[in-house]
Amino acid sequence: MVLSEAEGGCSTGEGGESIVNACVLGGFSESSETRDLLSSLLEIHGDIVAVEFATQRFLVIMNRYQEQPHLLDPHLEWMLNMILEIVRCEHSASSLVHLSFKFLYIICKVRGYKIFMQLLPHEVADVQPVLDLLSKQDPKDSETWETRYMLLLWLSMTCLIPFDLYRLDGDLESEGGKVREPTMDRILAIAKSYLLVSDTPRDAASVLVSKFMTRPDVKQKSLGGFLDWSLTTISQTDDQSMKDIMVLDGALQSLVNIQITLRSSFFLLCTAPAIMQCLEQKQLSESSQAMLRKLGVKLIQRLGLTFLKPRLAVWRYQRGSRSLAANLSMSQSNSVATAATPDAEVMEEDYDIPEEVETVIEHLLLGLKDKETIVRWSAAKGIGRVTGRLPKELADEVVASVLDCFSFQETDNAWHGGCLALAELGRRGLLLPSRLTDVVPLIVKSLSYDEKRGACSVGSNVRDAACYVCWSFARAYEPKELEPFVTQIASSLVITAVFDRNVNCRRAPSAAVCLSCVCQQGTFPHGIDILTAADYYAVGNLNHCYLSTSVYIASFPEYTKAMIDHLIEKKINHWDGVIRELSTKALHNLTPQAPDYMATTVLPQLLPPAVGFDLHGRHGAILACAEITHALYKLGLQTNRTVVDIISSECVDALKNIHQTVSLSKQANKNFISFIFSTVCCLIEKLSLSKLPFKNDPVISGWQWLIDDTIKSGVKDGNMDAVVSALSALCEEFYQAEPGRADAHMQDVLVSQYIEGLNSHQMFTRCGSALALGCLPGFMINSKLKQILEGLTQMCTVSQKEGTFTESRRDAVRAIAQVSVKVPVCAHGSPESALCSENIADLYGSLLNRMNDYTTDSRGDVGAWVREAAMTSLMQVTLLVAGTAPEILPPDLVKCMMCCLAQQAAEKIDRYRAHAGNVFLRLLHSTEPAVPHIPQQEELLSIFPAETTTSLNWNAPSQAFKYIAQLLALPQYQYHTLLGLTVSVGGITESTVHFSSLSLFDHLRGIQDKRATLTQFGDTLLRVFRDNLRNDRVSIAFLKMLNQMLANSCFEIFTTEENHPFCLDLLALCKEFRKTKDISKLRSCISVFCGLIQFQGDVRKKVLSQLLMLLCHSFPVIRKTTAGQMYEMLLTYDDVIDPEVLDDVMTLLSDTNWLSDLATVRTQRNQLCDWLGVPRPQAVTKVTRISVGR
């Protein structure tokens, strides 16, 4: 095998390149392995497992060559001979024969039956053995269909022997007094029987019929009878049952193959009317089965060719010569299209066309409108074949009928079929240049065909087929014929290549059509440059096409206005919102190419739909107005002109009043889509950034009302970004009394309003108010900082305690950071206007508290959104303070922040672990500014060197935990790291549990010989357990982690000391869970109790006492689990009890039904207490107090 690497440039107009790696096989490299597999069939055919393995391996080898089957050609002969040698052996078992044919079918499937069947032996001596072997097969055996398939193909090759078949019947006419059936009749009977089966051999049977029926002797004797049988079969079946569908399929396939093989013969011409009549009565075009409709169209077109003489139309358009030598000798200047001579035209006039041809053409035209592509494609090829044999006038009528498919009353199926038919006609030279004036406008429409159906659209196949038409035209016509239409076609192709929503439709014109038009026509305007910028790979990215490639192509004046007009007419009102938004951004980028056209033509054209009734059109038009206006403002800056100087006053007034129409629409329709409000907010933002002269204008109040109303009503997260951006731009432009100083009245109103919104009962209002406070410019925050931070912090604190409004807490945390980075940092500043030593502790406290938000609901760990926002906010604020006034950062705050980040970097959710790790490394390695007071910074830098900032993949547990576990050796980080690892080791995700526990145990193995270090670790472990005893999120995971530690003997050094304090404290804490009703927690406790039995001293009796009490737990499943784990415990630690009673205890634990009632199991439990020397637990009698009334 040869591995080749092809490097292809992918120019994007900016010099970008991409490298494409392609793997191309250089030969059949597995020939030796294949030979060994085929040789082993004799030995393994009786072993089911070995056969399955060999078959799968052979499939893997062969399937590699599906796209390059020609590489097998030099090896097909020896593979075929090896398999046929097994088949021909008289001593081969039937299972071996079937297995051999299965391997033969695999080869045939990869190489293709038309090529492979030619290698099958087809001598006279092969006819009878193949026929006899095929007669022995069971057509209903679903396990051996490969055998029947290959035998039918083999038989079809043996039918090609150049001798009359009756000669093979010589001395075999009678045997044992019985008349033997002639060979011809036997083959015909087998073919008929297999045409009616429902599996793959039916296809091979149709091939057999095509080879067998075209023999001269068979055609003379049996062809008529077979056609009668086929027509009778077709007439007597329907397509309602699956069995009849398969019968119809086989009969139609056989007729089609016979028609293809015999082509135009006198016999077929005589039988064609009968076949035609049968098909018309059957009405296959109305069948629900696409394959039957396709076969019907295929058969009808072959019948049409039978009615017509096999000749090439002399009137057809020919580019060049059919001879390669003639083409090479013909100079470029003398290469002209050949035309029909007058004598030839007279000959065409004298040719009579049968009436049946009209019926054939009607059926083919109907097939062009079928709902399945395979039927339309077959009909299109039929149109091309039949039209090539018609006189010029009749052919022109066919073309006119094909053009009728391009009516807007027709469906997308008709448009697609029409494009396929035109491509076939053009490729065959049957579409004369005089028709191009009618055809090209239809093709241009097809290139932009897109019809909305429900929540999506149809038409991608039409656009793809239209590209195929352009490709065929470029190959069929001389450049001078297409020259009048080149600009029109080129613009449409470029627009499709850049702006089509479907990637296949973008690649069709860029990779095939443009290449043909550039290379074969040479008249494509700027073709090479465009093809380089919009090649096959460059158009794969939709954003890149709209925002980059389109700008480069629009720099050529031939395409600029056409691209802009297409976006305005087709894309800004598209049903897909992503396309609408990309279109408006593209218009922004294209504005510098045609600023006058945008200002005087496009912008006035967009204003009516911006206030229209079509929701999609309104959305796109408003965004387009906003983007174009902002682009014109940027251009005006270069020439010292304002946007008012560029666009007309009527447009300015219309833009100013768009929001009023939207407000009225919402009042009239309570269900008005909220994203239109956010769209108008985008308009407000762009108009504010464009510095339109609206200061102190009443429209500003209207804009502010709309923004506030949108914030209160609530929109999706993405749309809310547009709303707050509009608020920020509005404040920057219109709410400054003087540069850097806010309008006091508007400042008080907005800040008070949004702080009040933080206490709303609506979550969307809280989110919007928090984001609005965060987006306020610095001059609006001045003297209001303390009030804003207190409001955001209070909302976070209250809602976190209640476990509600998680999204609002996330947005509030983001807002805290956004507000903080917009104010100055000064150690002795005022807390009303700056970050200073007075408010820095409260700010960090608020953010650090959010790092402990583990709120969960039906969506899962939604508190992770808040933690992620808190980590980002801490990083932003810390870098700001460290770079401006690091002296106000207390060491304890920095320590708490780094420890919390370490905890989050050790937890189980990949995304948030990765975010925490990246923030941790960003702060650790920051040099400008350097973060002060990081605990044990030198040790951290040795664990996380500088290269880990780019090389460490925190999302991968296999990489992250081996670094995180090293923090356990640092006393400052040990507690929080262990707390994070607890939920990872005790989690449920297999990869996370595996790699986190592996890293933890590696650390513990490293400190086994360090008693003081292990003691310190044990104390930290107990502290984590004690602090989270009532926290199920941590406690259950802790018990699972502890069980793994005890099972891996991580505290073996403690087990040598009797009554070690670690064990006693651990047992006391675990006893707290004895009365819980949580099954998972109880099961984890049982495992821990069984692990604690390894410690020496009185603790063993206490552990056994706890286990024996659980044997009489009120939950039967807990009793059974306890008994099972105690049994395993005693097998592991056989020194726990007296060996004399060990067998009795084990027998009692295993034989007792612990799921039975408590009275029964309590007796058995008490017996265990006596044997183990543990006092029997005493039942506690509940005392019920009765209050006596007065």
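F1115 sits in the loop that links α58 (1099-1110) to α59 (1116-1132); helices here are DSSP runs (H or I, at least four residues), numbered from the N terminus. This is a predicted model, where local features need pLDDT of at least 70, side-chain atom pairs count only at pLDDT 80 or more, and totals for chains, interfaces and linings use all residues. Residues are numbered from 1 along each chain as its sequence is written, and side-chain values use heavy atoms, with hydrogens and water left out.

**Two single residues**

- F1115 has 23% relative accessibility, so it counts as partly exposed (buried is under 20% relative accessible area, exposed is over 50%, and partly exposed is in between, with a 1.4 Å probe and protein chains only).
- Setting aside neighbours within four places in sequence, F1115 is in contact with K1077, I1079 and L1082 (contact means heavy atoms within 4.5 Å).
- F1115 and K1077 are 38 residues apart along the chain, and their C-alpha atoms are separated by 8.9 Å.
- S210 belongs to helix α10 (residues 201-212), and at 6% relative accessibility S210 counts as buried.
- Not counting residues up to four places away in sequence, S210 touches N257, I258 and T261.

**Helices α15 and α19**

- Helix α15 (residues 290-307) packs with helix α19 (residues 373-387) at an angle of about 5°, and their axes are 9 Å apart (axes are lines fitted to C-alpha atoms, for helices over the stretch in contact, and angles run from 0 to 180 degrees between N-to-C directions).
- α15 and α19 are therefore roughly parallel to each other (angles under 35 degrees count as roughly parallel, over 145 as roughly antiparallel, 65 to 115 as roughly perpendicular and the rest as oblique).
- On the α15 side the contact residues include R293, V297 and L305, and on the α19 side they include I374, A379 and V386.

**Helices α29 and α31**

- Helix α29 (residues 557-571) and helix α31 (residues 595-610) cross at roughly 15°, with axes that come within 11 Å.
- That makes α29 and α31 roughly parallel to each other.
- What builds this contact? K561, I564, D565 and I568 of α29 meet Y597, M598, V602, Q605 and L606 of α31.

**An annotated stretch**

- From an unreviewed UniProt entry comes the annotation "domain: Tubulin-folding cofactor D C-terminal", covering residues 896-1081; such annotations may be inferred rather than shown by experiment.
- Residues 896-1081 are 68% helix and 0% strand, and the end C-alpha atoms of the span lie 31 Å apart (strands are DSSP runs of E, at least two residues).
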